[in-house]
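Hi there,

Here is the structure I promised to pass on to you. Have a look at it first, and then read on for what I found in it.

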Amino acid sequence: MFFFFSLIISIDKHSSKLFIDAVIFSNILNLNFLRTYIATPPPPLLYGSVFTFHMGPNKAVVLVGYKTVKEALVDFAHEFGERATRRTVMDRVLFTNGETWREMRRFALTNLRDFGMGKKASEDKIIEECGHLLQRIKSFRDKAFDTHGVVNAAVSNIICSMVYGSRFDYDEPEFKEILYRVCRGLELLGTRSFQLNEMFPSLGKWMSRTRAEHRNIILATRSYYLKMIDQLTETLEPQVSRGVVDAFLIKQQQLEEAGQKDTQFHRKNLTMLVSNLFGGGTETTACTLRWSLLFMAKHPKIQDQVREEISRVIGARQVQVEDRKNLPFTDAVIHETQRLGNILPLSVLHRTSCDIIFKGHFIKKGTTVYTVLASVLYDENEWEKPHSFYPAHFLDQDGKFVKRDAFMPFSAGRRACPGEALARMELFIIFVTLMQHFRFTPPPGVTEEELDLTPQVGGTRCPSPHQLCSSRREE
Ligand code: HEM
């Protein structure tokens, strides 16, 4: 009963719109508001484009709709530019604030966005992994398979190549174990008991099982990353950088030789950097690719158009990033997958860096802010068919690709995803390669209409577990 009342009292009395309605209220009582919001975002402006609510004792401000979210992230980049951190034991250098974040983000961007190793080298690593992915999918022959394991392994291997300079066999037990852990860790973040525990830490004793499992996962992955870093340190040759870890170690050596102390380039930050790159870069890209295959199986005519364009423009040769401009329909399908797939509907939590007045609302320094990307990607004022798979959103009347301002799956502003360039390259090369070699269909006994697009809500909004069949393209 106390819990019930504390929730009622905690609804912000100064909110400009009446926040309580039966649906939201019952959802809050179920501690399900955000999960529901993720699965089926309500119309963006139902409660105004800026509203507040309390997650237990914590007040949060929610920003919805393209114009409001963009204004906050870009025009008020500094004010909304801090990261809200959770109580959870987590490795954070990129998902944090202050000097550590600034320095590590700069380093990550140089090595990811600007491809410190050279754009060509990154492209080559993705292409190499595509070869392994093709072999694995071919081995299923025409049998239905779960897209999760194989796609996650391929995407994770690309990060491994970028970070360590080497990849792993899909069947290697330790690799499988680490993939499971990263995935499970994210899944736990989305569970009700975990969210409840975040809101009411004092209830911790009663629901510590999820938290303890999460903590063990973090500790186990951390010691695995340390082991990899040690191996790379022992075999480091400063003239040859194999990946991000080497680049970091080389920088660390240079700073030490120059007599600089108290720098951000030390072992603890390196471990967390590796952890953040895996955490940020695996499930996101893999989940998007899985949506792309599911959408293709669901919309066979669109799949045929994609395959026809690829066949006409590049035939059977290896696809390269340069080909994107000549594949407008395929590019539109990838963009539409990211828009409708909407894999981080609430983005990653922000926090205000100072007191501000935003759109007439006073928001205190340190307030948690939800920049709801779902409300941007599905904004009815921006998209002709917000809730349908409609690649024409990204095509003009002549079939040429058009950029759309409200396409913001990577967010915007000073916290925008540093892995965007890498992710876009991966999505393009892997998707085109798969379309070149296979046609994806529902498993036997399931029609296209029956293919379930209900998302599974966890750390990311992924397709629910499903199987697809891949038939070899006639070569
Ligand atoms: C389709 C793939 C991806 C999507 C849709 C995506 C999306 C996002 C979004 C929405 C954010 C939060 C931005 C904000 O708070 O405003 C983010 C942050 C981040 N992403 Fe990605 N991401 C993807 C792939 C990647 C990859 C491949 C990497 C790294 C290899 C990565 C690393 C990160 C990191 C480290 C952050 C935190 C940045 C910071 O706080 O400064 N992401 N991403």
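Let me start with an annotation: UniProt, in an unreviewed entry, lists Cys417 under "binding site". Please keep in mind as you read that this is a predicted model. Cys417 sits in the loop that runs between helix H16 (373-377) and helix H17 (420-437). Is Cys417 buried or exposed? Cys417 is buried, because 20 other C-beta atoms lie within 10 Å, and 20 or more is what the term asks for. If you set aside its neighbours within four places in sequence, Cys417 has contacts with Phe410 and Ser411.

**Around the ligand**

Cys417 turns up again when you look at the ligand, which is surrounded by 29 residues. The closest of these are Gly280, Gly281, Ser411, Cys417 and Gly419. Two or more residues of the shell come from each of helix H5 (98-112), helix H12 (267-281), helix H13 (283-298) and H17. Which element gives the most to this shell? That is H12, with four residues. By residue class, the shell around the ligand is made up of 16 nonpolar, 10 polar and three charged residues.

**Strands that pair with S8**

Next, the strand pairing. As a reminder, strands of a sheet pair through backbone hydrogen bonds, in either a parallel or an antiparallel way. Both kinds involve S8 here. Strand S2 (residues 58-63) and strand S8 (residues 368-371) run parallel and are joined by four bridges. To find this pairing on your screen, look for Leu63, whose bridge partner in S8 is Thr371. Strand S5 (residues 350-351) pairs with S8 in the antiparallel sense, over two bridges. There, Arg351 stands opposite Thr368 of S8.

**The three-stranded sheet**

There is also an open sheet of three strands, in the order S4-S12-S9, and its pairing is antiparallel. Its edges are formed by strand S4 (145-146) and strand S9 (438-441), each of which pairs on one side only. S9 runs antiparallel to strand S12 (residues 467-472), and four bridges join the two. Within that pair, Arg439 is opposite Ser471 in S12. Helix H13 packs on the sheet and touches S9 and S12, with its direction at about 75 degrees to that of S9.

Gln303 lies in helix H14 (residues 300-313), and it counts as buried because it has 20 C-beta neighbours inside 10 Å. Leaving aside neighbours within four places in sequence, Gln303 is in contact with Met296, Arg439 and Phe440. Arg439 is the residue that stands opposite Ser471 in S12. As for Asp396, it is 93 residues away from Gln303 in sequence, and the two are 19 Å apart in space, C-alpha to C-alpha.

**Two backbone angles to look at**

Most residues other than glycine have a negative phi. Two residues here have a positive value instead. Arg141, in the loop between helix H6 (119-139) and S4, has a phi near 50 degrees. Ser347, in the loop between helix H15 (328-341) and S5, has a phi near 55 degrees. Ser347 is buried, because 24 other C-beta atoms lie within 10 Å.

**The chain as a whole**

To finish, a few totals. The protein chain has 17 helices and 12 strands. Of its 475 residues, 40% count as buried. Among contacts with a separation of 6 or more, 73% are between residues 24 or more positions apart.

Technical notes:
Residues are numbered from 1 along each chain as its sequence is written. This is a predicted model: local features need pLDDT of at least 70, side-chain atom pairs count only at pLDDT 80 or more; totals for chains, interfaces and linings use all residues. UniProt positions are given in the numbering used here, feature names are shortened, and annotations may be inferred rather than shown by experiment. A residue is buried if 20 or more other C-beta atoms lie within 10 Å of its own, exposed if 12 or fewer, and partly exposed in between; C-beta atoms are placed from the backbone. Two residues are in contact if their C-beta atoms, placed from the backbone, lie within 7 Å. Two strands pair if DSSP finds at least two bridges between them. A residue is near a molecule or strand if its C-beta atom, placed from the backbone, lies within 6 Å of it. Ala, Val, Leu, Ile, Met, Phe, Trp, Tyr, Cys and Pro count as nonpolar, Asp, Glu, Lys and Arg as charged, and the others, Gly among them, as polar. Axes are lines fitted to C-alpha atoms, for helices over the stretch in contact, and angles run from 0 to 180 degrees between N-to-C directions.
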